[in-house]
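Open the model in your viewer and keep the selection tool at hand. The stops below go from the whole chain to single residues.

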Amino acid sequence: MPRRRSITSQLYRLARTSNNLRAASHGPTAYAKRRARAKLYGRSMGATSKLLRIFGRGR
């Protein structure tokens, strides 16, 4: 049985979905820009997290 998601997690997910739909309603360019930014932020945060783990400060 899968773990139950917290209310906060559900709200963040709903907000992301809402913002994705809003960007999509402004056309494919706006949606593509949003996806590109999300990917870039994910990579940046992944690198930061990896660096922090090296120094024993991450999760």
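This is a predicted model: local features need pLDDT of at least 70, side-chain atom pairs count only at pLDDT 80 or more; totals for chains, interfaces and linings use all residues.

Residues are numbered from 1 along each chain as its sequence is written, and side-chain values use heavy atoms, with hydrogens and water left out.

**Whole chain**

Select the protein chain: its secondary structure is 2 helices and 0 strands. Helices (H or I, at least four residues) and strands (E, at least two) are DSSP runs, numbered from the N terminus. The C-alpha atoms fill a box of roughly 45 × 30 × 20 Å along the principal axes. The radius of gyration is 15 Å, whereas a compact globule of 59 residues would have one near 10 Å; the value is taken over C-alpha atoms, and the globule rule is 2.2 Å times the number of residues to the power 0.38.

Now colour by accessibility. Buried residues make up 3% of the 59 residues; buried means under 20% relative accessible area, exposed over 50%, and partly exposed in between (1.4 Å probe, protein chains only). The accessible surface comes to about 5,900 Å², and 58% of that belongs to carbon and sulfur atoms. Areas come from the Shrake-Rupley method with a 1.4 Å probe; for residues, only the protein chains shown count as cover.

**Helix H1**

Select residues 7-25, helix H1. H1 has 19 residues and reaches 27 Å from its first C-alpha to its last, close to the 27 Å expected at 1.5 Å a residue; the expected span is 1.5 Å times one less than the number of residues.

Leucine 11 is in this helix and counts as exposed because its relative accessibility is 54%. Asparagine 19, also in H1, is partly exposed, with a relative accessible area of 30%. From asparagine 19 to tyrosine 31 the C-alpha distance is 9.5 Å, across 12 residues in sequence. Just after H1, glycine 27 takes a positive phi of about 115°.

**Helix H2**

Next select residues 28-54, helix H2, which has 27 residues and a first-to-last C-alpha reach of 39 Å, close to the expected 39 Å.

Which residues does arginine 34 contact, leaving aside its neighbours within four places in sequence? They are Arg16, Asn19, Asn20 and Ala23, where contact means heavy atoms within 4.5 Å. Arginine 34 lies in H2 and is partly exposed, at 23% relative accessible area. Arginine 34 and serine 18 are 12 Å apart, C-alpha to C-alpha, and 16 residues apart in sequence.
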